[in-house]
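User: I'd like to learn how to read a protein model feature by feature. Could you walk me through one?

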Amino acid sequence: MRKYSVALIKGDGIGPEIIDEAVKVLDAVSVKEGFEITYKEALLGGAAIDVTGEPIPEETIEIAKSCDAVLFGAIGGPQWDDLPRQKRPETGLLKLRKALEVFANLRPVTVYDELINASTLKPEVIKGTDLMVVRELIGGIYFGQPRGYEGDEAYNTMRYTKDEVRRIARKAFEIAMKRNKKVTSVDKSNVLEVSQLWRDTVSEVAKEYPEVSLEHMYVDNAAMQLIRDPKQFDVIVTGNLFGDILSDEASMLSGSIGLLPSASLGEKHGLYEPIHGSAPDIAGQGIANPIAAIASAAMMLRYQFGEIKAAERIEQAIKRVLKEGYRTKDIASFDAKEVVTTSEMGSLIAQYASEF
Ligand code: IPM
Ligand code: MN
């Protein structure tokens, strides 16, 4: 029997509710496809601060590194907002990404036909959108030195080396080869040196992939193009901060940020998490949408374990629940046949994913 170990980091807010549903679905498909997943829970973010005083205890890093993959919910909440930066939940997540060296954050944006009216944008603009944001995750202004807050002045440094840009660019081109063979590299090279290096390096890497067409786009224009005509994009590759912002924007093409998964990949490790946050305002009410977490689990099966059939089962099941009109509250006003809870949504997907 094929066996995989998964570090389970539920985190804060709606994190635990949505991860429980992802596990439910994983258990259902693993039985069907004949593999076994064992889980090890670890603390991160506010949940870790409350127990250990630290947003990421050493033990969490050890567990995450020792397992075959990490499945993560969300972190943060108002009760930890006033802590100094080093003690904040977000710092824990950033340290985890860095420790696992997951430099490539893949954020696919799928517009489900069934939810075409859930977006605030016109159906004809978004119908058929299928793009992938490839965000550099462990460099750029999030990590650049020097940084500081001194009296009336504060600063951060957006810094990239050619090696860092090369590896994320290669990842983007590899992905484009399996998709529609187009890469849009997003930067601000009309203003920033770091973006000029980014652009030069991506152009160099492009020569290794003659089949893929490369275009460069300034980030302000990209933000506009994403909602003007999202279908022009296939793979978008960009730095840490621009990728953070553009992926939130792109999520709205799908109608709800509660739908979009992500995979963060490095040479060795893989971290899978929904792109949404911990939504403390709706935590514990059973109304959170577990689809992003469940779809992240499907990405884990596909990218980390090569369990393609199991991943497809989940992806098909998600489409089917939406087609049949089951909706959590975030997407409830759109063609809902029945509004369901977080756990009902998870159970339906688990059932459909293991039916055939
Ligand atoms: C994300 C989040 C994180 C980020 C925060 C929570 C540190 O917004 O995963 O997009 O900025 O990377
Ligand atoms: Mn973000």
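Analyst: We'll go through the sheet, some helices, the ligand and a few single residues. Keep in mind that this is a predicted model.

User: How many bridges join E1 to E2, and how do the two run?

Analyst: Seven bridges link strand E1 (residues 2–11) with E2, and they run parallel. For one bridge pair, look at Ser5, whose partner in E2 is Thr38.

User: What span does H4 reach, and what span is expected?

Analyst: Helix H4 (residues 89–100) has 12 residues and covers 17 Å from first C-alpha to last, close to the 16 Å expected at 1.5 Å a residue. Its buried residues are Pro89, Thr91, Gly92, Leu93, Leu96, Arg97, Ala99 and Leu100. Just past H4, Glu101 has a positive phi of about 55°.

User: Now the ligand. Which residues surround ligand 1?

Analyst: List the surrounding residues, then look for polar atom pairs. Around ligand 1 you find Glu90, Arg97, Arg107, Arg135, Tyr142 and Asp244. In Arg107, a polar side-chain atom sits 3.0 Å from an oxygen atom of the ligand. For Arg135, a side-chain N or O atom is 2.8 Å from a ligand oxygen atom, and for Tyr142 the corresponding distance is 2.6 Å.

User: On to single residues. Is Ser119 buried or exposed?

Analyst: The relative accessible area of Ser119 is 8%, which is under the 20% cut-off, so Ser119 counts as buried. Ser119 belongs to the loop between strand E4 (104–110) and helix H5 (123–126). A polar atom of its side chain lies 3.0 Å from the backbone nitrogen of Leu121, and the side chain also reaches the backbone oxygen of Met252 at 3.2 Å. Beyond neighbours within four places in sequence, Ser119 is in contact with Ile126, Met252, Leu253 and Gly255.

User: Where is Ala176 found?

Analyst: Ala176 is in helix H6 (residues 162–177), and is buried because its relative accessibility is 0%. Leaving out neighbours within four places in sequence, its contacts include Lys181, Val212 and Val235. Compare sequence and space too: Ala176 and Glu211 are 35 residues apart in sequence, with 9.5 Å between their C-alpha atoms.

User: And how far apart are Ile282 and Pro210?

Analyst: They are 72 residues apart in sequence and 48 Å apart in space, C-alpha to C-alpha. Ile282 is in the loop between strand E12 (270–272) and helix H10 (291–304). With a relative accessible area of 25%, Ile282 is partly exposed. Apart from neighbours within four places in sequence, Ile282 is in contact with Ile14, Glu17, Ile287 and Ala288.

Definitions and conventions
Residues numbered from 1 in each chain as written. Chains lettered and ligands numbered in written order. Predicted model: local features only at pLDDT ≥ 70, side-chain atom pairs only at ≥ 80, totals over all residues. Heavy atoms only, no water. Pairing = 2+ DSSP bridges. Helix = DSSP H or I, 4+ residues; strand = E, 2+ residues; numbered from the N terminus. Expected span 1.5 Å × (residues − 1). Buried < 20%, exposed > 50% of the residue type's maximum accessible area, 1.4 Å probe, protein only. Near = heavy atom within 4 Å. Polar contact = N/O pair within 3.5 Å; in protein donor to acceptor, adjacent residues only side chain to side chain. Contact = heavy atoms within 4.5 Å.
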